[in-house]
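Reader: Please take me through the labels used for this model. I would like each one set against its cut-off.

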Amino acid sequence: MTAAARTSHSRDEIVRKLFDLFRHRGFEGAALSDISEATGLGRSSLYHHFPGGKDEMVAAVADFAHGQIEQNILAPLAGEGPLADRVAAMLETTSAMYDCGREPCLVASLMVSPGLAPDSVGKVQAILNDWIAALAAALEGAGLPAAEAKRRATAAIIDIQGALLVARASGDTGVFTDAMETARRDLLEPA
């Protein structure tokens, strides 16, 4: 393995660790000492990988999260097969991604941080905006009018994200499970 490949691979591992940290702590809540502890790297090593500091770390994490959403949620939504199967796959992946309501959402954790750089804000916003757009496109492709498809897609993401917050705050993951079923029913309701 070349030195460049090792560096690239180690950066990917670092980004995955940062994803988990920022998901749980947000931007403001993750101090450099937390970042060092989570990654096992000292300040100079972190700045070697991320010369732009914490802002560059968040941008890399947002890119990673967006890539995961594209691969595991957006692509299957745009795929072939009955809409019910594609929606079921999206909801199953979403449930796994949030551990049935036990894990926080990166977008929510970062968007409440006032210190987030504008570039990172755009990257984080794109995660949910692209998810809504892909879901709306799948609904529209199944025959729903564009406005109704967008309304249902937006409502489903609101249901999922809102339930995630309530489930985590209350410790009742049933709230999340119920919201996922509500989203499924509402998304697949005939026009």
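**Labels and their cut-offs**

Author: The axes of helix α8 (residues 146-170) and α9 come within 8 Å and cross at roughly 175 degrees. This is a predicted model: local features need pLDDT of at least 70, side-chain atom pairs need 80 or more, and totals for chains, interfaces and linings use all residues. Residues are numbered from 1 along each chain as its sequence is written, and side-chain values use heavy atoms, without hydrogens or water.

Reader: Why is α8 called roughly antiparallel to α9?

Author: Angles run from 0 to 180 degrees between N-to-C directions, with axes fitted to C-alpha atoms over the stretch in contact. Under 35 degrees is roughly parallel, 65 to 115 roughly perpendicular, over 145 roughly antiparallel, and the rest oblique. The axes cross at roughly 175 degrees, so α8 is roughly antiparallel to α9.

Reader: Which classes of residue make up the contact of α8 with α9?

Author: Contact means heavy atoms within 4.5 Å. The contact has 14 nonpolar, 1 polar and 3 charged residues. Among those in α8 are Ala156, Ile160 and Leu164; α9 contributes residues including Phe176, Ala179 and Leu187.

Reader: What makes Tyr98 and Phe176 an aromatic pair, and of what kind?

Author: Ring centres of Phe, Tyr or Trp (its six-membered ring) must lie within 6.5 Å; planes under 30 degrees apart are stacked, over 60 edge-to-face, the rest tilted. Tyr98 and Phe176 are at 6.2 Å and 85 degrees, an edge-to-face pair. Tyr98 lies in the loop between α5 (83-97) and α6 (106-111) and Phe176 in helix α9 (residues 174-188), so the pair ties together parts 78 residues apart in sequence.

Reader: How many aromatic pairs does the rule give?

Author: The count is 2 aromatic pairs. In the pair of Phe19 and Phe64, the centres are 5.5 Å apart and the planes at 70 degrees, so this pair is edge-to-face.

Reader: How do you know whether Phe19 is buried or exposed?

Author: Buried means under 20% relative accessible area, exposed over 50%, partly exposed in between (1.4 Å probe, protein chains only). Phe19 has 18%, so Phe19 is buried.

Reader: Where does Ser113 fall, buried or exposed?

Author: Ser113 has 9% relative accessibility, so Ser113 counts as buried. Leaving aside neighbours within four places in sequence, Ser113 is in contact with Gly26, Phe27 and Glu28.

Reader: What is the label for Asp99, and why?

Author: Asp99 has 35% relative accessibility, so Asp99 counts as partly exposed. Phi of Asp99 is near 45 degrees, a positive value in a residue other than glycine.

Conventions: Helices (H or I, at least four residues) and strands (E, at least two) are DSSP runs, numbered from the N terminus. Ala, Val, Leu, Ile, Met, Phe, Trp, Tyr, Cys and Pro count as nonpolar, Asp, Glu, Lys and Arg as charged, and the others, Gly among them, as polar.
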